[in-house]
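Thank you all for coming; I would like to take a few minutes to walk through one model with you. Please have the sequence and the structure open while I speak.

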Amino acid sequence: MAGFPSVSHEARQHLLEHKLKRATIVSPLPVLPPHSPFEQELLTHRAKLASLNNDQAKQYVRAIGVFIPQTLTDNNVSSFEITCKSCQEVLAYVYADDATLLNWHATYYVSSYDATRWYGCMAVNVSPIDSALGFECACGVDTRDFRANRNTLLKQRTQDNLEQRTFGKSKSAFKAIHKSEDSWLRQNILA
Ligand SMILES: [Zn+2]
């Protein structure tokens with residue numbers, strides 16, 4: 001299918017081996033906002049993963065599941081499912097104070113593939129200007145913040161799409177819906 005990100009030979013083999021029509025990946029480690037109190041903990045996991053070979057890394061991820069800082073689940077923070085209004089695919093799960101995602105704490109991207117193409121999140125972007133979350137969807141919708149980029153075309157594109165970047169508005173490109181942690185974790189990781 002032209003225009004959509006295509007799938008590697010390895011990815012197709014994975015589908016065949018496991019008799020799957022489609023496989024979904026949820027990032028085991030989160031993207032954090034700047035100056036997050038969980039930065040150090042995340043760095044420790046990242047360093048550990050980097051020191052392992054592929055098979056060991058898979059085992060490690062299986063053992064820790066998704067790394068969610070305990071204080072997030074203890075406090076008054078909710079998790080939200082982010083979907084693309086254009087193609088309806090899930091892009092991420094985000095811990096935030098509310099559905100505006102203005103005050104967000106951790107983001108886990110979601111992408112999936114079948115034998116022909118990728119769906120969902122291709123890139124997570126934290127704005128260097130306001131720390132807001134942006135996403136690039138496999139369908140082409142893109143709310144990454146390029147206002148600090150040298151490329152004038154990219155800069156202008158962000159400027160034109162400012163309303164699409166927000167959450168909870170009629171013009172928002174992506175929508176955030178509260179979804180309890182249990183439902184998305186069990187479905188995607190613990191199943
Ligand atoms: Zn999309």
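This is a predicted model: local features need pLDDT of at least 70, side-chain atom pairs count only at pLDDT 80 or more; totals for chains, interfaces and linings use all residues.

Let me begin with a question: in the hairpin of β5 and β6, which residue takes a positive phi? It is S131, with a phi near 65 degrees, in a hairpin that has six residues between the strands. Residues are numbered from 1 along each chain as its sequence is written. Strands are DSSP runs of E of at least two residues, and helices are runs of H or I of at least four, both numbered from the N terminus.

Staying with the strands, β5 and β6 pair in the antiparallel sense over five bridges, where pairing requires that DSSP finds at least two bridges between two strands. Within this pair, V124 stands opposite F135 in β6.

A residue counts as buried if 20 or more other C-beta atoms lie within 10 Å of its own, as exposed if 12 or fewer do, and as partly exposed in between, with C-beta atoms placed from the backbone. This core has 30 residues, of which L91, A92, V94, V110 and F135 touch the most other members. At least two residues each come from β2 (78-84), β3 (90-96), β4 (104-113), β5 (118-126), β6 (133-137) and β7 (174-178), and β3 gives the most, with seven. Beyond its neighbours within four places in sequence, V110 has contacts (C-beta atoms within 7 Å) that include T24, V26, L91 and C121.

Finally, two lysines in loops. K85 lies between β2 and β3, and is partly exposed because 14 other C-beta atoms lie within 10 Å; leaving aside neighbours within four places in sequence, K85 is in contact with A173, F174 and K175. K169, in the loop between α6 (162-165) and β7, is exposed, since 12 other C-beta atoms lie within 10 Å. The C-alpha atoms of K169 and T100 are 8.9 Å apart, although 69 residues separate them in sequence.

How values were computed:
A nonpolar core is a set of buried Ala, Val, Leu, Ile, Met, Phe, Trp, Tyr and Cys residues joined through C-beta atoms within 7 Å. Two residues are in contact if their C-beta atoms, placed from the backbone, lie within 7 Å.
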